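User: Can you walk me through this one? I'd like to hear about helix packing and then pockets.

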Amino acid sequence: MRIRMADLTLAAALSLLCADLAAAQIYPSRPVTFVVPFAPGGSTDTVARIVAQAVGPALGQPTVVENRTGGAGTVGWGSVARSAPDGHTLITTEMSYAIAAGLVPTMPFDPKKSFAHIVTAVSVPHVMVVNPAVPAKTVPELIALAKASPGKLFYGSGGVGTNTHMGGELFKSLAGVDLVHVPYRGAGAVLQDLMGGSVQVLVTSAPTVLSLIQSGKLRALMVTSEERLATLPDVPSAPEAGLSRMIMKFWVGFAAPAGTPPSIVQRLNRDIVASLASPDTKKRLDELGMDMVGNTSAQAAQLVDEEIARWSAVAKAANITMQQ
């Protein structure tokens, strides 16, 4: 009986392996869709379009980028989680995915189990900027100013649960200061009021404010990375600014529905990483101030788990909740 059970187990394993190999041999058999759960024009959408265009020739099939918006990203993520696990429908994951996993009480999918993570494509640090009228030219000076007038300085965000919101809360926690959160409906609105002086502080991804810093319309106090950025060589890193734990990077990755054959996940990882390393793609990312990551699927999954844990803790400490 034991021998027969072992034989059955081995046969089942071989059957699964053969099915996986067969799927890989015919993949892809039709166009591959890259779903972006946000509106066109943002950083996530831009990365998806760059990668989809670059990886198309390697896949040998047309690639399509489709924006499925709604529910702070949950509509798009949920729809792909329910898609056939055959590698023909992919989804972008990013910092907001990890944040939503700890904030939205009821998700139409399991953030930790519904996807097979393929790769982290790019990352870019955030930058802390202030209105030039703010009399603080360094992070220590901003902290001193905030402690001298608790509740008198305002930081803006693109909305509750966004990366800009969580960046502000992380700074408050690490610096021990009381800044007032002012949520807006998107980055454009908060930037207008930041330049106008209605709010004084913003933590956002570097490409979003790079031109405004370079033109002198905003003052950068810190980049949230271990080292300075080549595009902002005069702006201190987080450790240099005295906040070594203020490491915060906006990242974009790709995933497939859970159950996608491992051989297809590895094929996608290999082709996407190769496309990211191509001179044309690298040049486009460099122009946007984004760093290529191109890690393994296991490393991509680990990053998602770590980010979910990190931002869940920040949200809990700040008593932040977000309805779907």
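**Helix packing and pockets**

Analyst: Helix 6 and helix 11 are roughly perpendicular to each other (the label for 65 to 115 degrees; under 35 is roughly parallel, over 145 roughly antiparallel, the rest oblique). This is a predicted model, where local features need pLDDT of at least 70 and side-chain atom pairs 80 or more, while totals for chains, interfaces and linings use all residues. Residues are numbered from 1 along each chain, and side-chain values use heavy atoms, without hydrogens and water.

User: What's the angle between helix 6 and helix 11, and how far apart are their axes?

Analyst: About 70°, with the axes of helix 6 and helix 11 10 Å apart (axes are fitted to C-alpha atoms over the stretch in contact, and angles run from 0 to 180 degrees between N-to-C directions). Helices here are DSSP runs of H or I, at least four residues, and strands are E runs of at least two, numbered from the N terminus.

User: Which residues make the contact?

Analyst: Met 166, Glu 169 and Leu 170 of helix 6 meet Arg 310, Trp 311, Val 314 and Ala 315 of helix 11 (contact means heavy atoms within 4.5 Å). Five are nonpolar, none polar and two charged (Ala, Val, Leu, Ile, Met, Phe, Trp, Tyr, Cys and Pro are nonpolar; Asp, Glu, Lys and Arg charged; the others, including Gly, polar).

User: OK, and how do helix 2 and helix 9 pack?

Analyst: Helix 2 (43-59) and helix 9 (262-276) pack at about 120°, with axes 9 Å apart, so the two are oblique to each other.

User: Switching to pockets: what's the volume of the largest pocket?

Analyst: About 790 Å³. Of its 33 lining residues, Phe 38, Ser 96, Gly 158, Thr 162 and Asn 163 are the closest to the centre. Helix 2 gives the largest share of the lining, three residues.

User: How does that lining split by class?

Analyst: The largest pocket is lined by 11 nonpolar, 19 polar and three charged residues.

User: And which helix gives the most to the second largest pocket's lining?

Analyst: Helix 11, with three residues. Arg 310, which contacts helix 6, is one of the residues lining this second largest pocket, along with others including Glu 226, Lys 249 and Glu 307. By class, the lining has five nonpolar, three polar and four charged residues. The second largest pocket's volume is about 200 Å³.

User: How's a pocket defined?

Analyst: On a 1 Å grid over the protein atoms alone, a pocket is an open set of points where a 1.4 Å probe fits, with protein on both sides within 12 Å along at least five of seven lines, and lining residues have an atom within 4 Å of a point. The volume is the space filled by probe spheres set on the points, which are joined across faces, edges and corners.
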